[in-house]
Amino acid sequence: MKWSLNEKLNEMNSIKPPQIYSVVPSILPPDQLFGPLFHDVQMSHVFDDSITFADCFPKRSPEEILSLYEIEKHKKDFDLKDFVSEYFEIPSPIKTDYESDKQLPVTEHIHKVWPLLTRKSQENCSMLPVPKSYIVPGARFRGLYYWDSYFTMLGLQYAGKNDLIREMVENFAHLIDSYGHIPNANRSYYLTRSQPPFFALMVRLLADIDGPDVFTKYLPHLQKEYNYWMDGYFRLSDRESYFRRVILLPDGSILNRFWDDLPAPRPESYVEDVEMAHNSAPYGVEPGTLYRHIRAACESGWDFTCRWFREENIMETIHTTEIVPVDLNCLLYDLEVTLSEAYRHSSFPEPASYFLEKAEKRKKALLENFWNDDRKFFMDYDAESNKSTKIMSLAGVYPLFFKIATEEHAQHVHEHITESFLQKGGVVSSLHESGQQWDFPNGWAPLQYLTYVGLCNYGFFKTAKELKKRWIENNDKVFKETGKMMEKYNVVDPESPAGGGEYPNQDGFGWTNGIYLWFKNNTS
C-alpha cells in the first residue's frame with residue numbers, strides 16, 4: 001500500500017481543536033504513591049469499602065504524608081483511622097435518593113436525578129482530569145466509567161441532553177489522546193486496563209445526532225483505540241501465540257482477549273484481592289497470575305462471573321486471560337467496520353477497504369470459533385483447551401446485536417432465550433448460579449438492551465417486546481418500594497434483591513436510567 005497511515009493520522013490530529021489540558025498529568029495509582037500506608041489502611045479495614053481510600057484526596061503531598069506516617073505510627077497513642085482523617089479528605093458516596101418521591105413516574109424521577117449524577121472532574125490524588133461534564137453511575141462509583149457511559153448516553157438522547165452526549169464523547173477522546181486508550185474509568189488505578197470497547201458505538205450514536213462529520217472528527221481516536229487492542233498482533237507466531245490483548249488461534253485467526261498489564265492487587269478492591277491470593281495456593285495459582293486474571297475480568301465489565309472460572313463455583317480458579325470472549329470480539333468487529341466507514345467519510349479513504357477486509361476475516365473467525373454446534377449457542381472459547389467454555393451467558397447475543405449471526409444461528413439463540421434466559425423480571429446474565437453478581441439470578445440493564453436489539457434484528461419482535469415489558473415492570477416495582485434505580489436486579493425472583501459481588505447493590509444508576517428511557521421511547 002502506498003498510503004502512510006501514521007502520516008495521515010498525524011495530519012488529522014494537527015487540525016483538531018486545541019485540547020483544554022495541554023499537559024497530561026503524570027499520576028501514579030494511590031497504592032504506589034502511599035505504599036506501606038495504603039497497605040496498612042486497607043488491610044486494617046479502616047473503611048468498609050476498599051475503593052474509599054483509593055479515592056481519598058490527600059491534604060498534603062504524598063511524600064510529606066508518608067514521612068509523617070513513618071514517624072507517628074510508632075507512637076503509643078497512634079490511631080490509623082485518625083491519621084487518615086487528619087491528612088486525607090474522605091469522599092462520600094454520591095447520594096441520589098434524598099429527593100426521591102416514590103409516587104413519581106420513573107421517567108420523571110430519572111429526569112430529576114440526572115443533575116445529581118452529573119460531574120466535572122477534579123484534580124486530586126487518583127482522578128484523571130477530563131475537560132467536560134459527564135454522568136457517573138452513582139453510589140460508590142464516582143468517575144467516568146467507560147462502557148457504562150454508552151448505555152447512559154442512549155437514555156440521555158431521549159432526555160434531550162445531546163450536549164452532554166457530545167461532552168462525554170469528547171472526554172473519552174481526550175483520554176485516548178492522553179493515555180493511548182480509554183481506561184476502565186478516569187482514575188489512575190485504572191490506567192493498566194480498559195473496558196469493553198464501546199467508543200465506536202458512541203461515535204455512531206453521536207453521528208446519528210450531528211451527521212457523518214463526527215466519523216471524521218473522531219477517526220484518529222478510533223484508530224488509536226484499535227491500535228491499543230491490537231498491540232503486538234504482528235509478532236504472533238507458533239512460538240508466541242499471545243501477547244497482551246491479542247491471541248493466535250490454531251486455525252490462524254487473530255482474535256482478542258481481556259488483559260491487564262499489572263499483576264498486583266487492585267487498589268479499589270485491595271483487601272479482597274490479597275485475601276483471595278492467600279487462599280489460592282490449593283488451586284496452584286501464583287498470586288501475580290491470580291491478580292492479572294482478576295484485573296482482566298474487570299476489563300471485561302463482567303466482574304465477576306463464572307464465565308472466567310475453570311470450576312464454576314470457585315473464583316480462585318479464575319483464568320480470564322486464557323479465554324477468548326465472544327462479546328469482546330464482536331465489539332472489535334464493529335470497531336473495524338466503523339473504522340472503514342470513518343475512513344470512507346474522510347479525505348483519506350484508501351484504508352476503508354483494508355478495515356472492511358479485517359472485519360470480514362474476524363466475522364468468519366467468530367462464526368467458526370464461537371458457535372457451539374452441540375449447544376446451539378455462541379459461547380466463549382477456551383484457548384487452553386481449544387474448545388468452548390462450559391458457561392452459557394448473554395455474551396452469546398452479541399453476534400445477533402451486530403448482525404453477525406446467520407438466520408439459523410439466531411433461531412437457536414432465540415430458543416435458548418425463550419426457554420432459559422427469559423425470566424419473570426427480564427433476561428438473566430448466565431444460566432449458572434455461582435454467587436457472582438454477573439450470573440443467575442441477576443439481570444443487568446445493558447444485557448437487556450443488547451438482547452432486545454439482537455432479537456429485533458432477526459425479527460423476534462414478540463419475545464423482544466415481552467423482555468422489555470418484564471424489565472420495565474421490574475424497574476417500576478423496585479422503584480415504588482425503594483425510590484431507587486438499581487445497578488442490577490434479581491430477574492428470577494423480582495420480590496428479592498439482586499446479590500453477589502464485592503459490594504452491596506448500588507443505586508443511581510446511570511445505565512439503568514439510560515436503558516429505561518430508551519425502552520420507554522421504543523415502541524417495537
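**Entry 1. Helix packing**

At what angle do the axes of helix α9 and α14 cross, and within what distance do they come? I looked this up in a predicted model, where local features need pLDDT of at least 70, side-chain atom pairs count only at pLDDT 80 or more, and totals for chains, interfaces and linings use all residues. Residues are numbered from 1 along each chain as its sequence is written, and side-chain values use heavy atoms, with hydrogens and water left out.

I found that the axes of α9 (residues 199-210) and α14 cross at roughly 45° and come within 9 Å. That makes α9 oblique to α14. I noted the rule for the angle classes: under 35 degrees is roughly parallel, over 145 roughly antiparallel, 65 to 115 roughly perpendicular, and the rest oblique. The axes are lines fitted to C-alpha atoms, for helices over the stretch in contact, with angles from 0 to 180 degrees between N-to-C directions. Helices (H or I, at least four residues) and strands (E, at least two) are DSSP runs numbered from the N terminus.

The crossing of α9 and α14 is left-handed, a term for the near helix being turned anticlockwise from the far one by less than a right angle, with clockwise giving right-handed. I listed the contact (heavy atoms within 4.5 Å): α9 gives Ala200, Leu201 and Arg204, while α14 gives Leu331, Asp334, Leu335, Val337, Thr338 and Glu341. By class I have five nonpolar, one polar and three charged residues in the contact of α9 with α14. Here Ala, Val, Leu, Ile, Met, Phe, Trp, Tyr, Cys and Pro count as nonpolar, Asp, Glu, Lys and Arg as charged, and the others, Gly among them, as polar.

I then turned to α14 (residues 326-345) and α15 (residues 351-370), which pack at about 160° with axes 8 Å apart. That makes α14 roughly antiparallel to α15. The crossing of α14 and α15 is left-handed. Residues of α14 in this contact include Val326, Leu332, Tyr333, Val337 and Tyr343, and those of α15 include Pro351, Phe355, Leu356, Leu366 and Phe370. The residues of the contact of α14 with α15 divide into 14 nonpolar, two polar and five charged.

**Entry 2. Salt bridges**

I took a salt bridge as a side-chain nitrogen of Lys or Arg within 4 Å of a carboxyl oxygen of Asp or Glu. The count comes to 32 salt bridges.

I checked Arg187 and Asp55, whose side chains meet in a salt bridge at 3.5 Å, N to O. Arg187 is in the loop between α8 (162-179) and α9, and Asp55 is in the loop between α3 (50-54) and β1 (57-58), so the pair links distant parts of the chain, 132 residues apart. Both Arg187 and Asp55 are buried, which is to say under 20% relative accessible area; exposed is over 50% and partly exposed in between (1.4 Å probe, protein chains only).

Next I looked at Glu170 and Lys217, where the closest N and O atoms of the salt bridge are 3.7 Å apart. Glu170 lies in helix α8 and Lys217 in helix α10 (residues 213-217), so the pair ties together parts 47 residues apart in sequence. Lys217 counts as partly exposed at 40% relative accessibility.

For the salt bridge of Lys376 with Asp373, I have the closest N and O atoms 3.0 Å apart. Lys376 is partly exposed, with a relative accessible area of 27%. I also noted a network of salt bridges that links Arg193, Asp260, Glu268 and Arg295.

**Entry 3. Glu502**

What does Glu502 touch, not counting residues up to four places away in sequence? I found Arg266, Ser269, Glu272, Asp273 and Phe304. Glu502 lies in the loop between β16 (489-490) and α20 (510-521) and counts as partly exposed at 30% relative accessibility. The C-alpha atoms of Glu502 and Asp49 are separated by 8.8 Å, with the two residues 453 apart along the chain.

**Entry 4. Backbone**

Most residues other than glycine have a negative phi, and most peptide bonds are trans. I noted a cis peptide bond from Asp303 to Phe304, omega near 10°. Phe304 is in the loop between α13 (287-299) and β8 (323-324). The peptide bond from Phe440 to Pro441 is cis, with omega near 10°.

His45 has a positive phi, near 55°, and sits in the loop between α2 (30-43) and α3. For Asn386 I have a positive phi of about 60°.
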